[in-house]
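Open the model in your viewer and keep the selection panel within reach. We will go from stop to stop, with something to select at each one.

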Number of protein chains: 2
Amino acid sequence: MENKDFDIAAFGGKRNEDIILPINSSLSVTLHQDQLKTTTTVATSRSFQEDRIWLNGKEEDITHPRLQSCLREIRRLARKRRNDGDSGVDSASLSHKVHICSVNNFPTAAGLASSAAGFACLVYSLARVFGVEGELSGIARQGSGSACRSMYGGFVQWIMGNKEDGKDSLAQQVEPETHWPELRILVLVASAERKPVGSTSGMQTSVKTSCLLKHRAESVVPGRMVEMTEAIRKKDFAAFAELTMKDSNQFHATCLDTYPPIFYLNHVSQQIISLVHRYNKHYGETRVAYTFDAGPNAVIFTLQQHVPEFVHMVQYFFPPETNGADFIKGLPVNCASLSEELKQGIGLEPMPKGINYIISTKAGPGPRVVEDPTQHLLLSDGFPKKTM
Amino acid sequence: MENKDFDIAAFGGKRNEDIILPINSSLSVTLHQDQLKTTTTVATSRSFQEDRIWLNGKEEDITHPRLQSCLREIRRLARKRRNDGDSGVDSASLSHKVHICSVNNFPTAAGLASSAAGFACLVYSLARVFGVEGELSGIARQGSGSACRSMYGGFVQWIMGNKEDGKDSLAQQVEPETHWPELRILVLVASAERKPVGSTSGMQTSVKTSCLLKHRAESVVPGRMVEMTEAIRKKDFAAFAELTMKDSNQFHATCLDTYPPIFYLNHVSQQIISLVHRYNKHYGETRVAYTFDAGPNAVIFTLQQHVPEFVHMVQYFFPPETNGADFIKGLPVNCASLSEELKQGIGLEPMPKGINYIISTKAGPGPRVVEDPTQHLLLSDGFPKKTM
């Protein structure tokens with residue numbers, strides 16, 4: 001079982017696509033798995049004919065190079081430990097094939113970092129099955145770059161490292177999920193459509209064609225990483241929020257500087273951005289921040305006390321299709337009324353059905369073992385449950 | 001009478017807002033006044049009580065600092081020339097007040113560079129009235145930066161200059177309008193709404209807050225100016241087109257890197273960008289380029305032979321409200337049929353009413369005197385015609 005994360009500083013491209021080395025360090029917050037999670041079951045058996053994988057109910061190609069990297073690296077680590085005499089390693093399973101079954105409780109490939117959660121969960125699960133412990137973020141990184149950060153809870157940085165073999169390109173927890181309990185995260189799901197450009201191919205084109213991306217990675221991000229770590233440590237919401245917004249905007253600026261340009265932000269995203277800036281301006285303080293990954297969905301950061309009003313404002317400016325039923329998922333949100341002064345101060349035209357729903361959540365822990373066997377996704381024969 | 005221009009390389013901010021000095025050089029093409037023009041009449045009379053101005057039928061505030069700069073500079077130049085013994089200067093008019101009347105035949109403040117055309121036309125007209133000749137782009141620049149380029153026809157660069165007083169920040173013709181007769185320009189008017197952020201206040205915020213803009217001005221633009229000048233000189237359409245698109249995208253990237261971010265491109269603009277890239281990809285060559293100023297309207301560059309097909313493709317992917325009547329304005333466009341292969345190759349969902357109309361035009365000459373007195377905008381009493 002695993003959770004997902006959201007970038008809050010320093011999105012960027014990769015300097016090495018094969019072993020996934022980034023062009024800059026980055027920082028994210030791991031979301032709570034009570035609201036957003038990937039669940040993965042891994043089984044090994046002498047009776048399995050080959051490695052197989054089922055994702056969200058559908059069998060996928062296990063020969064995908066990134067899946068193979070993770071499988072190979074975990075098995076290599078297990079063999080190394082067995083040869084070193086580590087009694088925790090399950091020697092029998094090392095010669096067995098694996099069956100992997102994984103499901104997300106959020107839409108795949110809609111810019112909700114599903115591959116990060118998926119690979120982190122896969123690597124964690126494989127490691128448990130083969131009895132491997134210790135630093136695993138370097139392996140998760142080879143599945144999906146940002147998956148390395150999802151190996152930890154709370155606020156996590158991915159240190160880009162300098163080595164050519166990537167051995168020092170690892171994730172590190174900045175602060176645990178308990179550090180800033182007032183911080184709340186709202187995922188505004190703008191669209192469940194698949195994004196037009198996959199984030200990997202998009203970023204490859206950006207690294208090749210955007211001179212602004214290069215400048216950003218070399219000259220802007222290092223300073224922002226320091227400022228962001230400091231803002232988190234001090235729980236300085238205004239500093240945290242402004243850095244988050246600026247960094248999200250700069251990432252999307254480099255997408256636009258890519259040739260041909262990449263647009264992840266649509267008109268709904270633009271309206272959310274306006275809404276946040278106008279809301280903050282109305283109160284004369286930075287109460288809310290947005291960040292956008294490779295898709296139109298917004299991730300909003302705010303403090304607990306502002307959640308009810310902000311959520312109801314979103315509902316007012318993006319009137320849902322049904323009359324609000326199921327519009328708010330996740331952590332309960334208290335009722336709030338919006339003053340006429342606020343509505344008029346914002347001065348935006350409502351955009352009906354622009355947002356499908358909101359997931360209310362907070363920072364969460366790293367990967368966890370699902371102890372309840374009824375939650376496992378593979379039956380005792382090693383094949384997925386029919387209910388999926 | 002005057003024409004308007006469109007940036008094709010190196011949009012940017014200003015290093016000095018008072019006398020309008022840019023942070024980088026830039027290059028534009030002046031559009032033909034048979035299609036897009038500003039017409040201005042200036043009259044002086046002993047009987048006028050004060051300087052007055054009417055723009056598009058409405059009296060405006062003559063005390064606007066930029067209008068005052070132009071008036072002051074032209075009068076100063078006229079006095080200087082009179083004192084130097086230049087017989088061309090109309091000494092009498094120097095002591096008179098002026099009445100100015102100006103109309104655009106295109107929507108104001110919709111990202112169609114109306115202030116550039118307007119100030120170039122104003123300065124040219126004032127100069128004629130006061131009998132001033134010679135280099136006037138430095139004065140037009142103080143009205144609206146890019147107006148300096150509109151003082152010349154064809155392909156024009158605005159050389160940023162180095163002096164603090166701006167004396168060397170002037171426009172210079174790169175090639176005349178007759179240089180590349182096959183080049184065609186299509187203005188795709190996406191919306192006649194006023195843009196949400198004025199380009200001046202937007203650019204001021206960008207200069208203050210975008211670190212990508214600074215990098216672009218210092219490290220990207222100088223090289224691109226050289227390449228662009230070369231592409232124009234050689235009439236190398238592919239090189240010209242790619243530089244134009246990359247530069248437009250990078251300008252809008254710096255708008256997004258501004259805090260709070262500025263969005264000039266809307267969903268129609270994004271669709272036009274996709275359409276152009278898919279069209280070029282379909283043919284395996286760069287046949288069409290786009291550029292966007294501070295608004296959602298696209299300016300398309302292509303060669304004469306591709307105009308009919310491209311225009312009809314735009315009409316297919318942006319079905320007009322009425323059945324095409326008045327959709328194409330300006331230079332006549334021949335009929336063309338679209339192959340099913342092309343329509344399917346593009347693979348975009350048509351966006352009804354996304355584009356109001358297309359203005360078909362080409363590069364044009366610099367400011368011209370309107371000889372026909374029936375075209376003048378002020379009556380013999382010095383007040384605007386009632387028909388306006």
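**Stop 1: the sheet of chain B**

Start with chain B, where 5 strands make an open sheet in the order 13-14-12-16-15, with mixed pairing. Strands here are DSSP runs of E with at least two residues, helices are runs of H or I with at least four residues, and both are numbered from the N terminus. Two strands count as paired if DSSP finds at least two bridges between them. Now colour the edges: strand 13 (288–292) and strand 15 (328–330) of chain B each pair on one side only. From one strand to the next, the twist averages 25°.

Before moving on, a note on what you are looking at. This is a predicted model, in which local features need pLDDT of at least 70 and side-chain atom pairs count only at pLDDT 80 or more, while totals for chains, interfaces and linings use all residues. Residues are numbered from 1 along each chain as its sequence is written, chains are lettered from A and ligands numbered from 1 in the order in which they are written, and side-chain values use heavy atoms, leaving out hydrogens and water.

**Stop 2: inside that sheet, and on it**

Select strand 12 (residues 183–189) and strand 14 (residues 298–303) of chain B: they pair in the antiparallel sense over 6 bridges.

Touching, or contact, means heavy atoms within 4.5 Å.

**Stop 3: a hairpin in chain B**

Go to strand 7 (residues 52–55) of chain B, which pairs in the parallel sense with strand 9 (residues 97–104) of chain B over 4 bridges. Here R52(B) stands opposite H99(B). Strand 7 of chain B also pairs with strand 8 (residues 58–60) of chain B, in the antiparallel sense over 3 bridges, and I53(B) has E60(B) as its bridge partner. Strands 7 and 8 of chain B form a hairpin with 2 residues between them, and N56(B) in the turn has a positive phi of about 50°.

**Stop 4: where the chains meet**

Show both chains: 25 residues of chain B are in contact with 25 residues of chain A. Together the chains bury about 2,300 Å², 71% of it on carbon and sulfur atoms; this is the accessible area (1.4 Å probe) lost on being put together, summed over both. Highlight L212(B), Y259(B) and F263(B), which lose the most area in chain B, together 27% of what that side buries.

How many salt bridges cross the interface of chain B and chain A? The rule (a side-chain nitrogen of Lys or Arg within 4 Å of a carboxyl oxygen of Asp or Glu) finds 0. Finally, select helix 6 (211–233), helix 7 (237–256) and helix 8 (267–283) of chain B, each of which supplies at least two residues of the side touching chain A. Helix 7 of chain B gives the largest share, 8 residues.

Note on methods:
Buried area is the accessible area (1.4 Å probe) that two parts lose on being put together, summed over both. Axes are lines fitted to C-alpha atoms, for helices over the stretch in contact, and angles run from 0 to 180 degrees between N-to-C directions.
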